[in-house]
Each structure stands twice: as structure tokens, then as C-alpha cells.
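The report below describes one protein model, going from its overall dimensions to a few selected residues. Please read it alongside the sequence and the coordinates.

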Amino acid sequence: SMGVDDERAIVLATGLARYKPLKHLDISGNDIGDEGIAALVSGLTIAANTSLETLRLSRNPFTIAGIRSLSTLIQSERSCLKLLGLGSIRNGDNEEVAVILANALTNNTSLMNLGLGYDISEARGVTFSKLLCDTSSINNIYSSNHTLEVIGDLEYDRETTNDEVLKYLVLNRNTRCLNPIDRGLVPMCKILIHHPDLADM
């Protein structure tokens with residue numbers, strides 16, 4: 001712990017707005033609440049910080065209100081976050097947390113690792129599965145999230161135990177490894193999984 005509370009987080013946010021080359025920020029295990037999280041998000045988004053790739057915030061006492069603030073950062077077109085470590089959310093409804101994060105990640109094309117301090121339950125699995133592959137139509141599959149590769153407890157290197165979600169995360173990861181340049185292969189693979197008849201056309 002560095003003794004960072006809301007007041008110091010606000011000061012830190014001012015510095016973040018001015019220092020754009022920062023790539024990694026780990027302020028886990030402090031005393032940052034919702035006000036501090038909101039300030040940090042404001043500092044990063046208003047200043048259009050386009051270099052931050054890693055943000056670790058686990059073991060801080062922010063609540064679901066802080067998650068709502070962070071969703072703004074996730075949705076920012078200029079965000080290039082690749083890893084976001086959140087841990088467990090204090091006094092938070094994990095189902096609602098999953099919905100907020102899934103909605104924020106719908107059009108995100110940078111985040112690859114999402115750290116949550118709990119396993120993905122059946123209900124949360126449906127939420128994240130739809131994010132990764134919305135099978136309601138071919139267009140929706142194509143518009144799903146094809147970037148996210150890990151959902152789980154990043155501190156303990158433990159990935160989600162939900163099989164359906166894990167299937168799509170592995171597909172995102174493996175397809176990128178096979179061809180890191182052409183990201184269009186991922187949605188095509190998902191489309192063919194659910195519409196194998198298209199392979200014969």
C-alpha cells in the first residue's frame with residue numbers, strides 16, 4: 001500500500017492528465033473509493049491519455065459506483081487499456097457489475113485481460129458469453145467482442161471457470177496467436193461455429 005486515498009487519488013489524477021507517456025499504473029491495495037476512481041477516470045479520459053495499457057485497482061474499497069465510472073474509460077474510443085485489474089467489488093451485486101462491464105466492452109477493441117476477484121456464475125456467464133458471441137444473428141456475432149482473452153482473478157492467475165465463456169476467450173486468444181494482424185478471422189470463426197452451413201457456400 002502507498003497510502004493512496006480519495007484525496008491523494010484526485011491529486012494523482014491531475015498528474016495523469018499531464019503525464020501522457022505512462023503505460024502501467026498499479027495502485028492496488030490502497031484506500032481509493034468511488035470519488036477517487038471517478039477522479040482517476042476523469043484525468044485519463046479528459047486528457048485523452050492514449051498510452052496507459054495496464055491499470056490495477058484491486059483491493060480498494062470502491063463500490064459499483066466506481067465500476068460505472070470505469071465503464072466510461074473502457075468505452076472511450078481513445079483508450080488503449082489492455083489489462084484492467086478490479087478484484088472483488090465492495091458491497092457490489094456481481095451480476096450488475098457483469099452487466100455494466102459487458103455493456104462497456106461491447107465496442108472496446110483494446111482490453112484483453114479483465115481481472116475480477118470471483119468466478120463467473122451461470123448468470124454472469126450468460127452476460128459475458130453474449131458479449132463475446134451474441135448468437136442472435138450473424139451480424140450480432142460479427143459485432144461481438146473479439147479482443148477479450150482473459151476474465152478472472154489476475155492476482156492468482158485463475159481464469160473463469162465458466163466453460164461457455166472460456167470457450168470464446170480461448171478462441172479469441174488462439175486466433176490472435178495464429179494471425180495477430182487479421183483480427184477479422186475471429187468473428188468469421190465464431191460465425192462458422194454457429195452457422196456451419198455457410199462453409200459450403
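## Overall dimensions and fold

For a chain of 201 residues, a compact globule would have a radius of gyration near 17 Å, and the protein agrees with this, having 17 Å; the radius is taken over C-alpha atoms, and the globule rule is 2.2 Å times the number of residues to the power 0.38. This is a predicted model, in which local features need pLDDT of at least 70 and side-chain atom pairs count only at pLDDT 80 or more, while totals for chains, interfaces and linings use all residues. Residues are numbered from 1 along each chain as its sequence is written, and side-chain values use heavy atoms, with hydrogens and water left out.

Along the principal axes, the C-alpha trace of the protein spans about 60 × 35 × 25 Å. The secondary structure comes to eight helices and six strands, where helices (H or I, at least four residues) and strands (E, at least two) are DSSP runs numbered from the N terminus. Read along the sequence, these elements follow the pattern α-β-α-β-α-β-α-β-α-α-β-β-α-α.

Of the 201 residues, 48% count as buried, a term that means under 20% relative accessible area, with exposed meaning over 50% and partly exposed in between (1.4 Å probe, protein chains only). The protein exposes about 10100 Å², of which carbon and sulfur atoms supply 51%; the areas come from the Shrake-Rupley method with a 1.4 Å probe, and for residues only the protein chains shown count as cover. Among the contacts with a separation of 6 or more, 76% are between residues 24 or more positions apart, a contact being heavy atoms within 4.5 Å.

I27 is found in the loop between strand 1 (24-26) and helix 2 (34-46), where I27 is buried with a relative accessible area of 2%. Not counting residues up to four places away in sequence, I27 touches M2, L12, I32, L40, R56, L57 and N60. The C-alpha atoms of I27 and R59 are 9.1 Å apart in space, although the two residues are 32 residues apart in sequence.

R59 itself lies in the loop between strand 2 and helix 3 and is exposed, with a relative accessible area of 54%. Most residues other than glycine have a negative phi. R59, which is not a glycine, has a positive phi of about 60°.

S58 is found in the loop between strand 2 (54-56) and helix 3 (64-75) and is buried, with a relative accessible area of 7%. Its contacts, leaving out residues up to four places away in sequence, are with S28, G29, G85, L86, G87 and E155.

N162 is placed in the loop between strand 6 (158-159) and helix 7 (163-178) and is buried at a relative accessible area of 14%. N172 lies in helix 7 and counts as buried at 0% relative accessibility. Leaving aside neighbours within four places in sequence, N172 is in contact with L132, N145, H146, T147, L148, E149, R183, V186 and K190.

In helix 8 (residues 185-194), V186, P187, K190 and I191 are buried. They cover an arc of only 135° around the axis, which puts them on the same side of helix 8; the arc is that of the directions from the helix axis to the C-beta atoms.

| From | To | Distance |
|---|---|---|
| S58 side chain | S28 side chain | 3.4 Å |
| N162 side chain | V165 backbone nitrogen | 3.0 Å |
| N172 side chain | K190 side chain | 2.9 Å |

## Cysteines

How many disulfides does the structure hold? The structure holds zero disulfides, a disulfide being a pair of cysteine sulfur atoms within 2.5 Å. The sulfur of C133 is 11 Å from the closest cysteine sulfur, in C189, which is too far for a bond. C133 counts as buried at 4% relative accessibility, whereas C189 counts as partly exposed at 30%.

Terms used: Polar contact = N/O pair within 3.5 Å; in protein donor to acceptor, adjacent residues only side chain to side chain.
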